Amino acid sequence: GERLDPAVRDKVLVADVAPYLVGEPQGWPDHPKGVMPGVWLYYNGKAQTVARWPNRDAADGGWFGFSNVLENCGWQLDREKPAVFEFPGDRPLRWRFDEGVWVTGYLIVDWDCDTVRIASYDKATHGARLASATTWGVGKADWPFFRRRIFVQNLLEELDQEGEWYLDHKAKRLYWWPDAREPDGEIALAQALTPYFRIKGAHDIVLDGISFAYSHGDTAIVL
């Protein structure tokens with residue numbers, strides 16, 4: 001809890017969730033494709049927000065921006081050379097990159113939102129080095145926004161508002177600031193990525209009285 005902002009420590013709940021997990025929680029890949037593996041937190045059926053910066057309700061729609069790329073700028077054909085972009089300001093000095101920090105946003109074009117882990121940060125150059133090449137590369141600012149819109153997530157240090165949460169995968173410890181406006185209710189940790197059921201070569205099947213929820217994969221596959 002020392003990484004939490006002192007102003008919110010008395011508001012954030014901390015729980016050992018090991019007894020409630022199915023196996024080991026999957027970590028995020030360096031460059032995720034498709035659905036992120038769980039764990040995901042839901043409260044009264046509402047998805048909670050992985051701790052991030054800027055917050056979703058911050059200025060500019062919750063986006064931050066960069067305009068300069070220090071290494072490997074442009075369309076990347078060489079997948080062995082991840083980019084380094086200049087992260088303005090000193091905010092990254094608070095973050096633990098060894099614990100996993102991911103940047104999400106429009107890294108080179110304004111029609112593709114990508115996610116990739118930041119491997120390291122150089123405080124002298126403000127260079128954020130990515131752990132992997134991205135889908136299309138990383139580019140400098142261009143019309144019409146004159147910056148590349150991003151946010152950064154999976155940051156215990158940025159858990160600073162209601163509805164945000166963070167999971168320490170190693171310790172299996174959940175940090176969560178619940179919304180005080182919500183009544184007491186159901187807390188769900190979702191891990192399912194595989195279908196709940198698969199039907200092959202069958203017909204005239206009726207499923208009645210069964211509810212399926214919190215899957216991040218296909219609910220059912222019928223062949």
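The model is predicted. The protein has 19 strands and zero helices. Its C-alpha atoms fill a box of roughly 60 × 50 × 30 Å along the principal axes. Of the 223 residues, 43% are buried. Among contacts with a separation of 6 or more, 67% join residues 24 or more positions apart. The protein exposes about 12,400 Å². Carbon and sulfur atoms supply 51% of that area.

At one end, β1 runs antiparallel to β16 (residues 173-176), with four bridges between them. Val-14 has Tyr-175 of β16 as its bridge partner. Four bridges also join β15 to β16, again in the antiparallel sense. Here Asp-168 is partnered with Arg-173 in β16. These two strands, β15 and β16, form a hairpin with four residues between them. In the turn, Lys-172 has a positive phi of about 55°. At the other end, β4 pairs with β15 (residues 164-168) in the parallel sense, over two bridges. Thr-49 stands opposite Glu-164 in β15.

A second open sheet has three strands, in the order β3-β2-β17, with antiparallel pairing. Strands β3 (46-47) and β17 lie at the edges with a single partner strand each, so one side of each has no neighbour in the sheet. Strand β2 (residues 40-43) pairs with β17 over four bridges, in the antiparallel sense. Within this pairing, Tyr-43 stands opposite Ile-187. Tyr-42 has Ala-188 as its bridge partner in β17. On the β3 side, β2 pairs antiparallel over two bridges. Tyr-43 is partnered there with Lys-46. The β2 and β3 hairpin has two residues between the strands, and Asn-44 takes a positive phi near 50°.

Thr-104 lies in strand β10 (residues 102-105). This residue counts as buried because its relative accessibility is 7%, under the 20% cut-off. A polar contact of 2.8 Å joins the Thr-104 side chain to that of Thr-115. Beyond its neighbours within four places in sequence, Thr-104 is in contact with Trp-63, Cys-113, Asp-114, Thr-115, Arg-149, Ile-150, Phe-151 and Gln-153.

The structure holds 14 salt bridges. One of them joins the side chains of Arg-91 and Glu-158 at 2.8 Å, N to O. Arg-91 sits in the loop between β9 (84-86) and β10, and Glu-158 in the loop between β14 (148-153) and β15, so the pair ties together parts 67 residues apart in sequence. Arg-91 is partly exposed, with a relative accessible area of 26%. Glu-158, at 1% relative accessibility, is buried. Arg-91, Arg-94 and Glu-158 are linked in a network of salt bridges.

Asp-110 takes part in two further pairs, one with Arg-148 and one with Arg-149. For Arg-148, the closest N and O atoms are 3.7 Å apart. This pair links distant parts of the chain, with Arg-148 in strand β14 and Asp-110 in the loop between β10 and β11 (114-122), 38 residues apart. For Arg-149, the closest N and O atoms are 3.6 Å apart. Arg-149 also lies in β14, so its pair with Asp-110 ties together parts 39 residues apart in sequence. Arg-148 is buried at 5% relative accessibility. Arg-149 is buried at 14%. Asp-110 is partly exposed, with a relative accessible area of 28%.

A nonpolar patch lies on the surface. Tyr-196, Ile-205, Leu-207, Ile-210 and Phe-212 form this patch, with about 460 Å² of accessible area together. Tyr-196 is found in the loop between β17 (187-190) and β18 (197-199). At 34% relative accessibility, Tyr-196 counts as partly exposed.

Definitions and conventions
Residues are numbered from 1 along each chain as its sequence is written. This is a predicted model: local features need pLDDT of at least 70, side-chain atom pairs count only at pLDDT 80 or more; totals for chains, interfaces and linings use all residues. Side-chain values use heavy atoms; hydrogens and water are left out. Two strands pair if DSSP finds at least two bridges between them. Buried means under 20% relative accessible area, exposed over 50%, partly exposed in between (1.4 Å probe, protein chains only). A polar contact is a pair of N or O atoms within 3.5 Å; within protein, one must be able to donate a hydrogen and the other to accept it, and residues adjacent in sequence count only if both atoms are side-chain atoms. Contact means heavy atoms within 4.5 Å. Patches are made of residues with over 30% relative accessible area and no salt bridge: like charges are joined within 9 Å, nonpolar side chains (Val, Leu, Ile, Met, Phe, Trp, Tyr) within 5 Å. Accessible areas come from the Shrake-Rupley method with a 1.4 Å probe; for residues, only the protein chains shown count as cover. A salt bridge is a side-chain nitrogen of Lys or Arg within 4 Å of a carboxyl oxygen of Asp or Glu.
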